[in-house]
Amino acid sequence: MTNASTKRKFDKNLRKQLLRRDLNDLIRNPEGKVSESKLYSNIGKIVAIYLLVAYAESVLKSYDVLLVLLGFVVVPDILKKAISMKYSHAEDKK
């Protein structure tokens, strides 16, 4: 085998591993266990995005429905960031 073909084969294996690792990170916590909050949050985001796309006309007519759906997509990430910003300094002081 030449270097080029070996490199291509390695790159394909690396991409599969990275994709699998990224998918695992969507639902697993740092200890490697399934995190229910991550799982439900991602399922909720998928459902909210589907509803936005499938029923865009009726959603855009009513701004409160749009606000709730967009909030469901954005708020979990904002809360996660806010909590980590607030409590990340507590570990540094110990």
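The protein chain we have here, which comes from a predicted model, has four helices and zero strands, and when it is read along the sequence it follows the pattern α-α-α-α. Before we go into detail, a word on confidence: the mean pLDDT of the protein chain is 77, and 77% of its residues reach 70 or more. That confidence is lowest in α1, with a mean of 67, and highest in α3, where the mean is 86, and I would ask you to keep that in mind while I move through the chain.

The accessible surface of the protein chain comes to about 8500 Å², and carbon and sulfur atoms hold 64% of it. Of the 94 residues in the chain, 11% are buried. As for how the chain meets itself, if we take the contacts with a separation of 6 or more, then 25% of them are between residues 24 or more positions apart.

Which residues form the largest nonpolar core? There are five of them, namely Ala48, Leu52, Val59, Leu69 and Val73, and the helices α2, covering 36–54, and α4, covering 63–93, each supply at least two residues of this core. As a general background, nonpolar side chains in soluble globular proteins tend to be buried together.

Now to the charged side chains. How many salt bridges does a search of the whole structure find? The search finds one, and it is the pair Lys61 and Glu57, whose side chains meet at 4.0 Å, N to O. Both of these residues lie in helix α3, residues 56–61, and they are four residues apart, which is about one turn of the helix. Are the two partners buried or exposed? Lys61 counts as exposed because its relative accessibility is 68%, over the cut-off of 50%, and Glu57, with a relative accessible area of 62%, is exposed too.

Finally, I would like to go back to the region where α1 ends. Ile27 is placed in helix α1, residues 3–27, and at 26% relative accessibility it counts as partly exposed, because that value falls between the limits of 20% for buried and 50% for exposed. Leaving aside neighbours within four places in sequence, Ile27 is in contact with Lys33, Val34, Ser35, Lys38 and Leu39. Ile27 and Ser37 are 10 residues apart in sequence, while their C-alpha atoms are 8.2 Å apart in space.

One of the contacts of Ile27 is Ser35, and Ser35 lies in the loop between α1 and α2.

Technical notes: Residues numbered from 1 in each chain as written. Predicted model: local features only at pLDDT ≥ 70, side-chain atom pairs only at ≥ 80, totals over all residues. Heavy atoms only, no water. Core = buried A, V, L, I, M, F, W, Y, C linked by side-chain atoms within 4.5 Å. Buried < 20%, exposed > 50% of the residue type's maximum accessible area, 1.4 Å probe, protein only. Contact = heavy atoms within 4.5 Å. Areas by Shrake-Rupley, 256 points an atom, 1.4 Å probe, with all protein chains shown as cover. pLDDT = per-residue confidence, 0-100.
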